[in-house]
Amino acid sequence: MEAKKGANRKRRTPQNGESQTKKKRKHEEVDGKSKSSSSFLDKMRARLSGGHFRMINEKLYTCTGSEALSYFEEDPALFNVYHAGYQEQMLHWPQQPVNIIIKWLKDHSPSLIVADFGCGDARLARNVKNKVFSFDLVSSDPSVIVCDMSNTPLESSSIDVAVFCLSLMGTNFSNYLQEAHRVLKPCGWLLIAEVKSRFDPTNGGADPNRFSKAICKLGFTLESKDFSNKMFILLYFKKKEKQNSKVKEIDWPELKPCLYKRR
Ligand code: SAH
């Protein structure tokens, strides 16, 4: 999947397993040709859709949000291909960050109003009691509001918790964070879960401190961070109660794409 050595080792296991099942396959060929040829076709189909997923994924990490919106507007079916591949990748993660955010929300007041930026299948909204505004480029559920999240229809200072769970994909990701800052109430929460390898400076990733500093300059304070998970980092910010009137130049780091390897 992403460029983590340990993770790659783990993912190769099924391939290693294939050679161990050679004997079994031979047996199936003798028992019935159709069984082995259909499993071959299944494998080819999976390989093709896996390739398609990786292509869409790379596109989303290397274009702006508005380009991504037009991309899916032209062919909304690509969104299903993307999400089927995304769910498949998630199966290999020991823990899903969205579940940690769901737990965080359950540990806080259900009266907090939430905005889920890049909600995917709106799993977060389906699992909490809070009022959740879910945004994505395509609506897979009637509750999802279709937009480029750099420009949501939310009122300014109307939200208690802004969530970005693996969704800072566009090259203009700083615009998404600016939008979150606009819609959050003073002292509102900004929760970010992102792929760990994107913040590994020894491997071309961004310096997580530089990233946090840039967000703080936008008008937040870093409340806590959690780097304990193997695949993702979690950052918890709070919007400052009073904003500095001077607009500062913010030195945003580049966030490298999270490219998934062929399995
Ligand atoms: N947060 C969900 C889905 C993560 S996948 C989860 O954790 O399960 C990332 C999602 O962000 C994708 O569905 C993608 O379409 C969405 N996304 C990326 N850029 C976006 C943008 N500019 N505006 C709205 N959604 C965006």
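**The ligand site and an aromatic pair**

The space taken by the ligand is the largest cavity. A cavity here is a set of points, on a 1 Å grid over the protein atoms alone, where a 1.4 Å probe fits but cannot get out. A molecule sits in a cavity if more than half of its atoms lie within 2 Å of its grid points. This is a predicted model, where local features need pLDDT of at least 70, side-chain atom pairs count only at pLDDT 80 or more, and totals for chains, interfaces and linings use all residues. Residues are numbered from 1 along each chain as its sequence is written, and side-chain values use heavy atoms, without hydrogens and water.

Start with the shell. The ligand is surrounded by 18 residues, each with a heavy atom within 4 Å of it. His 83, Gly 118, Asp 136, Asp 148 and Met 149 are the closest. By class, eleven are nonpolar, five polar and two charged; Gly counts as polar. Helix 5 (residues 77-90) gives the largest share, three residues. Helices are DSSP runs (H or I, at least four residues).

Now the polar contacts (N or O pairs within 3.5 Å). A polar backbone atom of Gly 118 is 2.8 Å from a ligand nitrogen. Asp 148 places a polar side-chain atom 2.9 Å from a nitrogen atom of the ligand. For Met 149, a backbone N or O atom lies 2.9 Å from a ligand nitrogen. The ligand alone exposes 570 Å², and the protein buries 97% of that (Shrake-Rupley method, 1.4 Å probe).

Finally, the aromatic rings. The whole structure holds 13 aromatic pairs, with ring centres within 6.5 Å. Phe 173 and Trp 252 have ring centres 5.8 Å apart and planes at 85 degrees, so the pair is edge-to-face (over 60 degrees). Phe 173 is in helix 8 (residues 173-183), and Trp 252 is in the segment after strand 7 (232-239), 79 residues apart. Strands are DSSP runs too (E, at least two residues).

Technical notes: Polar contact = N/O pair within 3.5 Å; in protein donor to acceptor, adjacent residues only side chain to side chain. 1 Å grid on protein atoms, 1.4 Å probe; cavity = no way out; pocket = protein on both sides within 12 Å on 5 of 7 lines; lining within 4 Å. Phe/Tyr/Trp six-rings, centres within 6.5 Å; stacked < 30°, edge-to-face > 60°.
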